[in-house]
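Visitor: Hi, could you walk me through this one?
Guide: Happy to, here it comes.

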Amino acid sequence: MTNGGGTWRSGRVRGLLRPGSTGRSAAIAVLVVAALLGSAYALGQSLIPDRPQQSATGATGDLNGGHYADQPPVEPTQTEQSDQEGDHNAPPEAGQDGTTSDATGDSLFGAHVTTGDERVALTFDDGPDPQYTPQVLNALREFGVRATFCVVGEMAESHPDLVRAIVADGHTLCNHSWNHDITLGKRSPEVIRADLLRTNEAIRAAAPDAPIVWYRQPGGAWTYPVVSVANALGMTPLHWTVDPSDWQAPGAARIAATVTSQIEPGSVVLMHDAGGNRQGTVEALWQILPELTARFELEALPTDRT
Ligand SMILES: [Zn+2]
């Protein structure tokens, strides 16, 4: 897409960059929410809300678990959920949530969580993958939907043809780090910078003219350094609004139900086209795209910002 960039950007500036002065109260609120979540788990409930709520400014509240939504559940629920072949191949998000231990109410560090307007963006992480990315592209093509692919550098290097296929279909790209290092944000700015640049180089080796103006931290484990480096390299940090936890392979029906029930104008939907068995995600797409295209304007995140 080529229009609307200003609107999206102003949404970030206006609503998502938080001054440090709000940190203390936000941190207290986080503690309260954490306590409530802990209680809920203790009660054995599995339906803890993980849906970030939008404020009037378009910013997503950090306090409702959006940050944690990409993390593994406290209790193993996969046996019950999995109707796929076992997803032993989970992406590095699985089992790694150390970066959330010092999270505060500002743990998103200003990362984009909504599109900033009425449009909805579907995002696909961890690829490109030779088995699933083409299937995702087929589904999107069938419904005329453009989306955003958050690609991992080493995957882009291994599958440059798929990077080109993504771009050829009009989708936009997002840097998702070189090898999905969930702790990247805790490394030095120099290491972070080298990682992000190496990833961009792999993408550009495949698709030299494709803009890369978004960065998504693996696991949503944002830190100030990783946000700063991404911004300095001309990439806007991108989080998400709706997370169906498809990387856990809960089955197409559950993925579809989560997305269709939680999606609303402005949502950024997190899904995966790699990192494990993604057949459920592909099947869910075929189920939800008729409804989503009827209810919303689905569009790739813009690349025309400078
Ligand atoms: Zn990822």
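Guide: A term for later: contact means heavy atoms within 4.5 Å. This is a predicted model, where local features need pLDDT of at least 70, side-chain atom pairs count only at pLDDT 80 or more, and totals for chains, interfaces and linings use all residues. Residues are numbered from 1 along each chain as its sequence is written, and side-chain values use heavy atoms, with hydrogens and water left out.

Visitor: Thanks! How many helices and strands does the protein have?
Guide: There are 10 helices and 6 strands, taken as DSSP runs (H or I, at least four residues, for helices; E, at least two, for strands) and numbered from the N terminus.

Visitor: And what share of the residues is buried?
Guide: Of 306 residues, 54% count as buried, meaning under 20% relative accessible area with a 1.4 Å probe, protein chains only.

Visitor: What about contacts between residues at least 6 apart in sequence?
Guide: In the protein, 81% of those join residues at least 24 apart.

Visitor: Let's go to helices. How do the axes of H7 and H8 cross?
Guide: Helix H7 (residues 189–206) and helix H8 (residues 224–232) have axes that come within 9 Å and cross at roughly 50°. That makes H7 oblique to H8; angles under 35 degrees count as roughly parallel, over 145 as roughly antiparallel, 65 to 115 as roughly perpendicular and the rest as oblique. The axes are lines fitted to C-alpha atoms over the stretch in contact, with angles from 0 to 180 degrees between N-to-C directions.

Visitor: Which residues of H7 and H8 meet?
Guide: Pro189, Ile192, Arg193 and Leu196 in H7 meet Pro225, Val226, Val229 and Ala230 in H8. By class, this contact of H7 with H8 has 7 nonpolar, no polar and 1 charged residues. Here Ala, Val, Leu, Ile, Met, Phe, Trp, Tyr, Cys and Pro count as nonpolar, Asp, Glu, Lys and Arg as charged, and the others, Gly among them, as polar.

Visitor: And how do H6 and H7 cross?
Guide: The axes of helix H6 (residues 160–168) and H7 come within 8 Å and cross at roughly 75°, so H6 and H7 are roughly perpendicular to each other. From H6, Pro160, Val163 and Arg164 meet Ile203, Ala205 and Ala206 of H7.

Visitor: New topic: where is Thr114?
Guide: Thr114 is in the loop between helix H3 (78–81) and strand E1 (121–125).

Visitor: Is Thr114 buried or exposed?
Guide: Thr114 is buried, with a relative accessible area of 3%. Thr114 and Thr241 are 127 residues apart in sequence, and their C-alpha atoms are 6.1 Å apart in space.

Notes. Buried < 20%, exposed > 50% of the residue type's maximum accessible area, 1.4 Å probe, protein only.
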